[in-house]
Amino acid sequence: MGGTEHLTVQREGATLVLTLNRPEARNALSLPMLVGLYDGWLEADADDSVRSVVFTGAGGSFCSGMDLKALAGNGMAGEEYRDRLKADPDLHWKAMLRHHRPRKPVIAAVEGYCVAGGTEMLQGTDIRVAGQSATFGLFEVKRGLFPIGGSTVRLQRQIPRTHALEMLLTGRPYSAREAAAIGLVGHVVPDGTALAKALEIAEQINSCGPLAVEAVKASVYETAELTESDGLAAELTRGWPVFDTADAKEGARAFAEKRPPVYKRA
């Protein structure tokens, strides 16, 4: 497994856990973090034994946004990180899930600050759990900046437009309860338990057929902006092949035999 000084990678069974690890800066994004994060997404995609990803932050915060000084390379250890960005100028957008969508389900476990770039990355995840004291928000306009991580496009597609515009245009903080009320997160749990809840959800996903899970996720995103008739046609194209897999047959046998299925991605 990979990782950098600002991004740790761990395995919890069939779940890959990616942890932003710069707690002294509330996990502000740095180039070592972005490189490690993008490599983590690629690792999850490439390893068929990984069935889900949990994305979280160390030290009681998720992410407080971009650290522009660190991204510029000032005081940053490791010349190889600058080389990676030069080799792939799109790397930071892929790391932040703006220009990359992992094929495995991604569950965010949020504690503390999840603001600016943190809230932007959150929009690239599939399922979201927040500790009750977590804080969300897009603060860019208060700093005279633009939330260019995708929020002016994605947020209005994920929550009602009136709430999206209020978050984007006021730059104010949102509590976890308020974020849940507008649909930005799905679960609010006691502080310190977001990771445990995310891993619990991941384990439920991991027990399902991996080919089916990946096809369902792909279909949801592929059909999101289609008309209903076009979406239903695309769903058939994506869904029918799943019924011909060995995993589908195993699922049926296991149900009939009243035992847990053993899926082999076949």
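Analyst: Strands are DSSP runs of E with at least two residues, helices are runs of H or I with at least four, and both are numbered from the N terminus. This is a predicted model, where local features need pLDDT of at least 70, side-chain atom pairs count only at pLDDT 80 or more, and totals for chains, interfaces and linings use all residues. Residues are numbered from 1 along each chain as its sequence is written, and side-chain values use heavy atoms, leaving out hydrogens and water.

User: What makes strand 5 and strand 7 a pair?

Analyst: 3 bridges join strand 5 to strand 7 (residues 135–137), and the two run parallel. V115, for instance, has G137 in strand 7 as its bridge partner. They belong to an open sheet of 3 strands in the order 5-7-8, with mixed pairing. Strand 5 (113–115) and strand 8 (174–175) are its edge strands, as each pairs on one side only.

User: What does strand 2 pair with?

Analyst: Strand 1 (residues 7–12) runs antiparallel to strand 2, joined by 6 bridges, with V9 opposite L18. Another 6 bridges join strand 2 to strand 3, this time running parallel; there L20 has G57 as its partner.

User: Why is S52 called buried?

Analyst: Buried means under 20% relative accessible area, exposed means over 50%, and partly exposed is in between (1.4 Å probe, protein chains only). S52 has 0% relative accessibility, so it counts as buried. S52 sits in strand 3 (residues 52–57).

User: How do you know that strand 2 is mostly covered?

Analyst: 6 of the 6 residues in strand 2 (residues 15–20) are buried. T15, V17 and T19 cover one side, and L16, L18 and L20 the other; all are buried.

User: What makes the link between S52 and T15 a polar contact?

Analyst: The term needs a pair of N or O atoms within 3.5 Å; within protein, one must be able to donate a hydrogen and the other to accept it, and residues adjacent in sequence count only if both atoms are side-chain atoms. The side chains of S52 and T15 are joined at 2.9 Å.

User: Why is helix 10 called roughly antiparallel to helix 11?

Analyst: Helix 10 (residues 210–222) and helix 11 (residues 228–243) pack at about 180°, with axes 10 Å apart. Axes are lines fitted to C-alpha atoms, for helices over the stretch in contact, and angles run from 0 to 180 degrees between N-to-C directions. Angles under 35 degrees count as roughly parallel, over 145 as roughly antiparallel, 65 to 115 as roughly perpendicular and the rest as oblique. Therefore helix 10 is roughly antiparallel to helix 11.

Definitions and conventions
Two strands pair if DSSP finds at least two bridges between them.
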